[in-house]
Amino acid sequence: MTTTAVSAAADARVRRETYHEADVVVVGAGVFGCAAAYALANQGRSVLLLERWMKEPDRIVGELLQPGGLAALRKLGLGHCVDDIDSVPCKGYNVIYHGEPSLIPYPPVDADGDVPHKWSGAGQEGKRPEGRSFHHGRFVGRLRRSCLAHENITVVETEVTKTVRGEFSDEVLGVESRTTDRRTGEKKSDYFFGHLTIIADGYASIFRKQLLGSVPVVKSKFYALELVDCPLPQQHFGHVIIGNAFPVLLYQIGSRETRALFDVPQGIPEAAPAAGGVRGYIANVAIPALPDSVQAAARRALDDGKIPRSMPNSWLPPTKQAPRGVILLGDAFNMRHPLTGGGMTVAFNDALVLAELLHPDRVRNLEDGRAVRSAVDAFYWRRKSYTSIINVLAQALYTLFAADDRQLKALQLGCFEYFRRGITDGPCGLLGGIIHMPSVLAYHFFSVAFVAIWLNGLSVMSGPLGPLKLPLAMVDAVLILLKAAGVFLPLLFREGFR
């Protein structure tokens with residue numbers, strides 16, 4: 001670094017620490033906030049990163065990073081953050097349907113990172129990428145330490161309460177916050193200013209209504225147990241349990257710890273107070289649906305007598321923004337059901353694309369509102385090649401795996417049979433954030449529908465009078481296809497046209 005560059009960096013640090021001024025103010029030092037701050041700082045931008053609590057977070061989601069997210073993390077220069085936190089390699093999924101397993105490994109990729117068999121069955125040749133699973137707090141701690149060590153970032157522990165707008169315009173100039181005086185413990189008003197403010201204050205965002213006007217849809221919650229020394233049916237694979245309970249996820253988050261997430265929809269009678277509440281549902285319905293090797297560890301974890309910690313399973317499609325000095329991103333902007341573990345993959349790819357579009361070679365000065373708005377508009381459309389796949393797949397698979405009517409149950413069986421026949425490279429490449437082609441998603445989703453129609457037809461027409469039931473099978477075929485379209489097309493439309 002030249003003497004001039006060193007002097008400029010020192011001057012920028014003084015402005016951040018003394019005057020609370022920077023090129024960019026990032027609100028929220030979570031997964032997306034840290035990634036965006038680090039990416040922009042690497043381009044020479046001066047960054048203020050504001051976080052309410054810098055203590056290690058303790059959350060039950062954000063614990064599985066797909067291969068596509070891990071690749072993006074490494075491109076951001078943050079790949080080291082999955083090291084030395086007792087993280088566990090993840091090689092794919094094991095879907096267990098009423099006790100019958102089907103292994104779905106991540107697909108082999110060629111030298112260009114492409115999946116050769118994305119349209120057909122499972123390939124055998126090529127390097128198979130891996131994901132990682134871990135304790136969320138340890139991972140976020142590493143991200144934060146990387147930001148703390150960056151010369152172009154100043155991290156401040158403060159509670160942001162509102163945006164600061166111009167006196168004669170609606171332009172956001174920065175944020176107002178409350179900072180605790182370490183000597184007196186008193187909270188005092190504070191102000192931080194930037195040419196661009198990026199707000200990433202998470203799933204429970206206090207700014208979403210103000211900036212987007214949208215509200216997440218929540219139909220269920222994940223209740224979590226941490227299982228210790230639990231033997232999983234397949235090591236280094238995430239497990240999806242489909243049976244006589246709503247979907248259950250199992251995956252290792254440490255050398256001895258396994259996370260169990262139980263999906264509990266709102267208002268189900270099995271979790272009513274008369275049935276023992278959520279604990280009663282987990283003990284009497286969900287745990288008996290688990291593999292035999294897991295049940296003892298799950299009951300030990302439930303024996304603490306507490307209601308397991310929970311997180312809402314939210315769906316929030318992205319909304320186009322026209323920023324005037326501020327942009328809302330991360331989970332505050334876009335969420336999908338966590339069944340497929342795609343949230344962090346979206347976050348890290350979003351940080352990459354945003355940093356590329358705001359690079360000083362494209363937007364020399366972030367005070368140029370027109371250039372920033374153009375970059376954000378391009379960001380909204382460019383991200384769709386990967387986010388629309390992850391978002392639609394998460395919602396569609398949850399609808400199938402939590403099937404509550406005859407057609408959805410037929411599609412559920414068709415999905416499992418599709419995997420059982422070895423057609424896994426395309427589906428798992430989509431799940432893993434490796435394949436960025438929405439057409440591949442549409443192809444496999446409707447292929448599953450036709451497998452479901454075939455299986456249902458065989459079932460309906462079985463027996464000595466089978467051929468006479470052909471009209472009923474044809475009616476069922478139409479209903480199943482309409483149900484598949486009713487699940488898939490509205491999701492795709494909502495992702496692509498608003």
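**From the whole chain to one residue**

A: The chain carries 54 positive and 49 negative side chains, and the centres of the two sets are 3 Å apart. Lys and Arg count as positive, Asp and Glu as negative, while His and the chain ends are not counted. Each charge is placed at NZ of Lys, CZ of Arg, CG of Asp or CD of Glu.

This is a predicted model, in which local features need pLDDT of at least 70 and side-chain atom pairs count only at pLDDT 80 or more, while totals for chains, interfaces and linings use all residues. Residues are numbered from 1 along each chain as its sequence is written, and side-chain values use heavy atoms, with hydrogens and water left out.

Now the overall build. The chain has 14 helices and 17 strands. These are DSSP runs numbered from the N terminus: helices are H or I with at least four residues, strands are E with at least two. Of the 498 residues, 56% are buried (under 20% relative accessible area, 1.4 Å probe, protein chains only). Among contacts between residues at least 6 apart in sequence, 73% join residues at least 24 apart. Contact means heavy atoms within 4.5 Å.

Next, the record. UniProt lists residues 194-456 as "domain: Squalene epoxidase", in an unreviewed entry. UniProt positions follow the numbering used here, feature names are shortened, and annotations may be inferred rather than shown by experiment. That span is 43% helix and 17% strand, and its end C-alpha atoms lie 59 Å apart.

The close look goes to Asn334. This residue sits in the loop between β17 (326-328) and α8. Asn334 is buried, because its relative accessible area is 2%. What does Asn334 contact, leaving aside its neighbours within four places in sequence? The partners are Leu316, Pro317, Pro318, Val346, Arg383 and Asn391. Trp315 is 19 residues away from Asn334 along the chain, and their C-alpha atoms are separated by 7.7 Å.

Helix α8 (343-357) is one of the elements that the buried residues of α3 pack against. The others listed are β3 (64-65), β7 (131-133) and α4 (136-149). Helix α3 covers residues 67-75, and its buried residues are Pro67, Gly68, Gly69, Leu70, Ala72 and Leu73. Just after α3 comes Gly77, with a positive phi of about 85°.

Conventions:
Buried < 20%, exposed > 50% of the residue type's maximum accessible area, 1.4 Å probe, protein only.
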